[in-house]
Amino acid sequence: MSGTLASNSYGQPTMVTPKIKDLLFNRGFWVSNQRNQTDQTNKMNHKNLFRSHHSHCLFLVATLILSTLSACMVGPNFQRPGPDVPAGWVGPSPAAEAISPEFVDLSSWWTSFEDPALTALIKRAVETNLDLRLARARIRQARAARGIAASGFGPTVDVPASYRRSRSPGSETGRTTGLSDADTPTKGPITNSYQIGFDAAWELDIFGGIRREVEAAEADIEFAIEGHRSVLVSLLAEVARNYVDLRSFQQRIILAGRNLQAQKHTAKLTRERFEGGFVSGLDVANAEAQVATTASQIPLLESSLQQTMYRISVLLGLEPAALMKELTPALEIPTSSPAVPLGVPSDLLRRRPDIRQAEADIHGATARIGVATSDLFPRFNILGAAGYQTAQFGSWFDTISRFWSIGPSVSWRIFDTGRIRSNIEQQKALEEQALISYRQTVLVALEEVENTLIASAKEDERRNALVQAVTANRKAVTLATRIYTEGQTDFLNVLQAQRALYDTEDALAQSTRTVSVNLISLYKALGGGWEPVSDATYPAGSGIISSSTR
């Protein structure tokens, strides 16, 4: 049997038989072999396809599980405190039509005094007051803190880059190989390492810890906004009260000056009668003493007047003497109608910023219980890295230098000596404190309204009586002076009549001031100065910026 020489794997010649030769070079063999390979490839493709479908199914199941877990948040949900307020006011209402079940608008209460100067000062104070600017800065701080908390929803990506040159430890050749007793030291090789890439980490908020943290941050924003409104309500009342004090001091100075001139005239008349021998020197001394007593009251009033001007200037964010020229001209004490639209006590829960602020404090404390509770559960992260690493600078960004890694990680603190549970109890205690503070704030608000209601009603009665007293004392002074000049009575009756007139006129000026201040206090106690029906903007015409720029 003839054959063909061939070489085996060692290079030695061997014989290939015709049957083997036909199998090697026959076209039919190769076609058959190719079909077999195709069948095997199809089987492998089916297996890979099955594995691919299986992987997709596992991915979908995992996504569904994570989505289900993400829908839950540990910790209690915030519940608004129930309205524990009386149905009506105990104190006397300034007017029958003041009590209304509808929510009343007190956003521009100062306009009821119909004083352009007061309105102008309030608008300027809203724009320039430093306490309001400080409150606005706190709102921006709270919103920035919310952004920090919300950043936990997304991944973090770092770009590390490094270069390191190092040398490995050397070796002693003889002892290492065992071929020689002599030790031949060999230095270790020097290597370079160039690396640059991305490191990414993404925490999955499975148990809602991050969402609770964002919820607490949003409650802090509301706390800051209500704090700004609380400062606003106090500022409006403070400017109005000091403005009323200013006009009150001016009117009292005018009254004191007018009475001083009348008393000087009486003292002059008494001195002339003394020189004529009609009265004794005692009458002259009493007249001069009364003039000096009245004159001594004016410097105190002028001092208080100037200090009030300084206070108004500072409230407007200006130097103390900035408004001296503007406020020096004397004007009447501003008054307003006593028919204040009170509404019902439950309106306080919606209008008073301090109550709303206390409610936001409860919300934040409740959310932080969830943040603390989430530490009891494991944390799931997806970690990834990609970049280039090589020992040769020239091949730093070659394809062969690429590396990447990705995978999940889980961390679960199973022992911390009770730290997590103590933190949870701490947050619960803070929530309880916030709830107690809320109830205390509501009670104080109700007390302030009731106090101002009774004070306003009684001061109105007092002022009406003082008006009658002033009218009667003016008649008494006229009669006493006429009778004295006719010699029908002594000078003591004149002194008493003049002193009584000055005292009642000054008391009437103070009472007029108190009536207006009580109304201002009532507006403040009701939370007037902004419109809670629409939280998007502050009331039109009040000079308050919109909430979008707070």
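How many of the 550 residues of the chain count as buried? The share is 35%. Here, buried means under 20% relative accessible area, exposed means over 50%, and partly exposed lies in between (1.4 Å probe, protein chains only).

This is a predicted model, in which local features need pLDDT of at least 70, side-chain atom pairs count only at pLDDT 80 or more, and totals for chains, interfaces and linings use all residues. Residues are numbered from 1 along each chain as its sequence is written, and side-chain values use heavy atoms, leaving out hydrogens and water.

Start with the whole chain. It has twelve helices and nine strands. Both are DSSP runs, numbered from the N terminus: helices are H or I with at least four residues, strands are E with at least two. The chain exposes about 32100 Å², and carbon and sulfur atoms supply 57% of that area. Accessible areas come from the Shrake-Rupley method with a 1.4 Å probe; for residues, only the protein chains shown count as cover. Now take contacts, meaning heavy atoms within 4.5 Å. Among those between residues at least 6 apart in sequence, 81% join residues at least 24 apart.

Next, look at strand 7, residues 190–204. Two strands pair if DSSP finds at least two bridges between them. Strand 7 pairs with strand 3 (residues 156–158) in the antiparallel sense, over three bridges. There, T156 stands opposite A201. Strand 4 (residues 161–167) also pairs with strand 7 in the antiparallel sense, over seven bridges. R164 has S193 as its bridge partner in strand 7. Strand 8 (residues 379–390) pairs with strand 7 as well, antiparallel over eleven bridges. D199 meets A385 of strand 8 as its bridge partner.

Turn to helix 10, residues 353–373. Its 21 residues reach 31 Å from first C-alpha to last, close to the 30 Å expected at 1.5 Å a residue. The expected span is 1.5 Å times one less than the number of residues. Of the 21 residues, 16 are buried, so helix 10 is largely enclosed by the rest of the structure.

What about charged pairs? Side chains of opposite charge can pair when their charged atoms come close. A salt bridge is a side-chain nitrogen of Lys or Arg within 4 Å of a carboxyl oxygen of Asp or Glu. The whole structure holds 23 salt bridges. One of them joins E226 and R356, at 3.0 Å from N to O. E226 lies in helix 6 and R356 in helix 10, so the pair ties together parts that are 130 residues apart in sequence. E226 is buried at 2% relative accessibility. R356 is buried too, at 18%.

R352 forms a salt bridge with D354, with the closest N and O atoms 2.7 Å apart. R352 is buried at 5%, whereas D354 is partly exposed at 22%. D375 and R379 meet at 2.6 Å, N to O. D375 is partly exposed at 25%, and R379 is partly exposed at 34%. Shared partners also link salt bridges into one network of E238, R241, D245, R311 and R513.

S248 sits in helix 6 (residues 209–275) and has a relative accessible area of 3%. T512 sits in helix 12 (residues 491–525) and has 10%. Leaving aside residues up to four places away in sequence, S248 touches I333, A509 and R513. On that basis, T512 touches I333, T335 and R463.
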